[in-house]
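Good morning, and thank you for the time. I would ask you to look at the structure on the screen while I go through it.

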Amino acid sequence: MEIDAQTGFFLYLFGWLVLLGVCWGRELWRVKIYDWALSEGRVCICEDCHFAFLIKSGESVARCPRCDEMCTLRKRY
Ligand SMILES: [Zn+2]
């Protein structure tokens, strides 16, 4: 099997397109996961009883559903 210059060039171009497509798809997937995490709220762990529960993303203070202790969310950024 012989590959001429033109076929080789097209194969090279096709390979790059596939690589770009994979990178683009991965980026889209990452953004989707990030958006999902933001809309679903954040995990807050009670300092008193170590009970983990979800609070809304806009809130930074919540009450623990188990022991009713005030729980402040620490920013992780
Ligand atoms: Zn608690």
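Predicted model: local features only at pLDDT ≥ 70, side-chain atom pairs only at ≥ 80, totals over all residues.

Glu27 and Arg30 are three residues apart in helix 1, residues 5–39, and are therefore separated by about one helical turn. Helices here are DSSP runs of H or I of at least four residues, strands are runs of E of at least two, and both are numbered from the N terminus. Glu27 and Arg30 form a salt bridge, with the closest N and O atoms 2.9 Å apart. The term requires a side-chain nitrogen of Lys or Arg within 4 Å of a carboxyl oxygen of Asp or Glu, and by this rule the count comes to one. Side chains of opposite charge can pair when their charged atoms come close. Glu27 is partly exposed at 39% relative accessible area, whereas Arg30 is exposed at 51%. Buried means under 20% relative accessible area, exposed over 50%, and partly exposed in between, with a 1.4 Å probe and protein chains only.

Residues are numbered from 1 along each chain as its sequence is written, and side-chain values use heavy atoms, with hydrogens and water left out.

As for the overall chain, the secondary structure comes to one helix and four strands, in the order α-β-β-β-β from the N terminus. Of the 77 residues, 12% are buried.

Next, the metal site. Which residues are the protein donors of the zinc ion? They are Cys46, Cys49, Cys64 and Cys67, each through SG, at 2.2 to 2.3 Å from the ion. Donors are N, O and S atoms within 2.8 Å of the metal, or 3.2 Å for Na, K and Ca; water is not among the atoms, so sites may look incomplete. The site is tetrahedral, with angles of 107 to 112 degrees among the four donor atoms; the label requires four donors with all angles between 85 and 135 degrees. In sequence, the donor residues are spaced C-x2-C-x14-C-x2-C. Within this set, Cys46 and Cys64 link distant parts of the chain, 18 residues apart. Cys46 lies in the loop between strand 1 (42–45) and strand 2 (52–55), and Cys64 in the loop between strand 3 (61–63) and strand 4 (70–72). Cys46 is buried at 1% relative accessible area, and Cys64 is buried at 2%.

Finally, Asp68 is placed in the loop between strand 3 and strand 4 and is partly exposed at 48%.

Note on methods:
Tetrahedral: all angles 85-135°; square planar, octahedral: opposite > 155°, others 65-115°.
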